[in-house]
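User: Please go through the helix packing in this model, then the metal site and the salt bridges.

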Amino acid sequence: MRLYTVLDIVALILALIHFGIPLTYYFYLKNKYLNKPWNIKINPNYKPKVTIIVPTYNEAKLIWKKLDNLAEQTYPKNLTEIIVIDSASTDRTPEIVKKWIEQHPNINIKLIQEPERKGKAHALNHALQHATGEIVVITDVDCWWPKNALQEAVKWLSDPTIGAVSCIKKPATPHTTEETYRKYYNTLRIAESKAYSTPIFHGELAAYKKTLLQKIGGFPTNIGADDSHTAAKIALTEHRAIIPENLEVKELIPKKNYPLWRIRRAQHLIQHFTKIANTRSKTNSSYRKVLALEIFLHLINPWLLVIASLLLLASSLVFHSLLAISILILGVILLMLREYRVWVIKQIILILAALRNTQAKEITWKKQAK
Ligand code: GDD
Ligand code: MN
């Protein structure tokens, strides 16, 4: 039996970094930026034509309700175009869309059918060629917009320095883990946006100026996070990519296999940040710091927790270190605290996602029932 070992000291330093950096980042951003004014000039006369692109793959269950939700928008109908782009669904999604179109002659909507499924971003690029709007807004089928969503997104885009706007997200039905996780992440996204731009966007509502999309060559087809990566590329072209606090979208959470869903999304974010980490470019200095921190948090930080835990485990098993045993027991007891538990789950998800990325990139993924 030993009181402590060198392994424990190394583990403690790693744990301090693992928990300290994100906590410092969160409170620093929150205190410095969250309550700051936006520093944006809104032009109330800006009324551009908007194209909403809805990518679908086997959405028969939800697409009707989704189109109803889009038809309720307060933005002028004569300035709104909807393009549904379907990639060879096998569940009658296109037939349902055709029927909806027939029953809504007052809505400017068209369906494009791809003969083969090549992924969401591929489909978005296809639809982009047909988009006539100055603003292009992407939305997933499994989420609900508030009635003024388009009006709000356009409002923020009326400032010439803003290139892209996304939303904050809330689960559409109660889900404790997802709600806790979202509470912190939404705050971070807004604070990063006020600092300059946020590198994480949401496909549930992602609005872009079309000229900028064209400038960066459309949506990336070789990585999964088309939403976040497009936003980051736009932010690197000197236009801000922001998430304002008043644009909230409700998202459906899968009924089964919630962890798998989170792992796949994490895989995509890891692909996005790996690509950004390998991109050299000059940009706003606050944004450079945000990118560096988010790259660290997604690619490196989870591994520090794994290494620290393994060192403590080795120290307890091999040297029977009292300190190591105490910390491990404390770490387990703390799992009763929801915030801590949600954090640890997120780290495990990122680790599993990094491992899974070595096997499959999930550019086309399995539809999960919601
Ligand atoms: N046309 C087309 N082709 N649409 C697709 C394809 C495809 O190959 N694959 C998925 N979609 C559609 C779905 O029908 C849905 O409307 C939307 O893309 C998002 O797919 P979901 O299955 O709902 O995935 P998610 O909500 O977990 O995806 C989230 O993360 C992705 C990146 O990891 C969202 O934020 C997506 O927007 C984001 O791309
Ligand atoms: Mn979805």
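User: At what angle do the axes of α9 and α12 cross?

Analyst: In this predicted model, helices are DSSP runs (H or I, at least four residues) and strands likewise (E, at least two), numbered from the N terminus. Axes are lines fitted to C-alpha atoms, for helices over the stretch in contact, with angles from 0 to 180 degrees between N-to-C directions. The axes of α9 (residues 258–277) and α12 come within 8 Å, and their crossing angle is roughly 65°.

User: Are α9 and α12 roughly parallel or roughly perpendicular to each other?

Analyst: Angles under 35 degrees count as roughly parallel, over 145 as roughly antiparallel, 65 to 115 as roughly perpendicular and the rest as oblique. The crossing angle here is roughly 65°. The two helices, α9 and α12, are therefore roughly perpendicular.

User: How are α8 and α9 oriented to each other?

Analyst: Helix α8 (residues 226–235) and α9 have axes that come within 9 Å and cross at roughly 25°. Contact (heavy atoms within 4.5 Å) is made by Ser 228, His 229 and Ala 232 of α8 with Leu 269, His 272, Lys 275 and Ile 276 of α9. The orientation of α8 and α9 is therefore roughly parallel.

User: Are α1 and α6 oblique or parallel to each other?

Analyst: Helix α1 (residues 6–33) packs on helix α6 (residues 176–195) with the axes 9 Å apart and an angle of about 55°. Residues of α1 including Tyr 25 and Leu 29 meet residues of α6, among them Leu 188 and Ala 191. The pair α1 and α6 is therefore oblique.

User: Which residue supplies the protein donors of the manganese ion (ligand 2)?

Analyst: Donors are N, O and S atoms within 2.8 Å of the metal (3.2 Å for Na, K and Ca); water is not among the atoms, so sites may look incomplete. Both donor entries are OD atoms, 2.2 to 2.6 Å from the ion. Their residue lies in the loop between β4 (135–138) and β5 (143–144). The donor residue is Asp 142.

User: How many residues apart in sequence are the parts that Glu 59 and Lys 367 tie together?

Analyst: Glu 59 and Lys 367 form a salt bridge (a side-chain nitrogen of Lys or Arg within 4 Å of a carboxyl oxygen of Asp or Glu), with the closest N and O atoms 2.7 Å apart. Glu 59 lies in the loop between β1 (50–56) and α2 (63–71), and Lys 367 in the segment after α12 (338–357), so the parts tied together are apart in sequence by 308 residues.

User: How many salt bridges does a search of the whole structure find?

Analyst: Local features need pLDDT of at least 70, side-chain atom pairs count only at pLDDT 80 or more, and totals for chains, interfaces and linings use all residues. Side-chain values use heavy atoms, without hydrogens and water, while residues are numbered from 1 along each chain as its sequence is written, and chains are lettered from A and ligands numbered from 1 in the order in which they are written. The salt bridges found in the whole structure number 18.
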